[in-house]
Amino acid sequence: MADPTHRKRLDKAAEAISSIKDPLDRLDASRAAREQFEKLELAQVRDLRKQGTTWGKIGALYGLTKQGAQQRFRGALKD
């Protein structure tokens, strides 16, 4: 679904992290990126739900059922 231009930007960011020489620095950068993207993902789910997007539509994006999407995100959204 994502615009190919956006995917290319994400690929470049992943490549930049992959090119970090020190393995511990590379792992730390990977961890930090994952945490940022998890926060972004939750914010997007929260916004979509506020706009009335159904759990079914969100689940479909992840290859999940409505119930699967609820299980995946509901607890994190309560925080």
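I began with Thr-53, which, leaving aside neighbours within four places in sequence, is in contact with Leu-48 and Ile-58. Contact here means heavy atoms within 4.5 Å. I placed Thr-53 in the loop between H2 and H3. Helices are DSSP runs of H or I with at least four residues, strands are E runs of at least two, and both are numbered from the N terminus. Thr-53 is buried, with a relative accessible area of 19%. I used buried for under 20% relative accessible area, exposed for over 50% and partly exposed for in between, with a 1.4 Å probe and protein chains only.

Notes on the model. This is a predicted model, in which local features need pLDDT of at least 70 and side-chain atom pairs count only at pLDDT 80 or more, while totals for chains, interfaces and linings use all residues. Residues are numbered from 1 along each chain as its sequence is written, and side-chain values use heavy atoms, with hydrogens and water left out.

Entry on helix H3. I asked which residues of H3 (residues 55-62) are buried. They are Trp-55, Ile-58 and Gly-59. These cover an arc of only 100° around the axis, which puts them on the same side of H3. The arc is that of the directions from the helix axis to the C-beta atoms. An α-helix has 3.6 residues a turn, so residues three or four places apart point the same way. On the other side of H3 I found Lys-57, Ala-60 and Leu-61 exposed. The cover over the buried residues of H3 includes helix H2 (23-50) and helix H4 (66-77). Gly-56 also has its place in H3, and Gly-56 is partly exposed at a relative accessible area of 31%. From Gly-56 to Arg-9 I read 28 Å, C-alpha to C-alpha, across 47 residues of sequence. After H3 comes Gly-63, with a positive phi near 75°.

Entry on helix H4. I looked up Leu-77, which is found in H4. Is Leu-77 buried or exposed? Leu-77 is buried, with a relative accessible area of 18%. Not counting residues up to four places away in sequence, Leu-77 touches Leu-42, Val-45, Arg-46 and Trp-55. Leu-77 and Ser-18 are 59 residues apart along the chain, and their C-alpha atoms are separated by 31 Å.

Entry on the whole chain. I noted four helices and zero strands, in the order α-α-α-α from the N terminus. The radius of gyration is 15 Å, whereas a compact globule of 79 residues would have one near 12 Å. That radius is taken over C-alpha atoms, and the globule rule is 2.2 Å times the number of residues to the power 0.38. Along the principal axes, the C-alpha atoms fill a box of roughly 45 × 30 × 20 Å. Of the 79 residues, 14% count as buried. Among contacts with a separation of 6 or more, residues 24 or more positions apart account for 30%.

Entry on charge. I noted 17 positive and 11 negative side chains, with the centres of the two sets 8 Å apart. Lys and Arg count as positive and Asp and Glu as negative, with His and the chain ends not counted. Each charge is placed at NZ of Lys, CZ of Arg, CG of Asp or CD of Glu.
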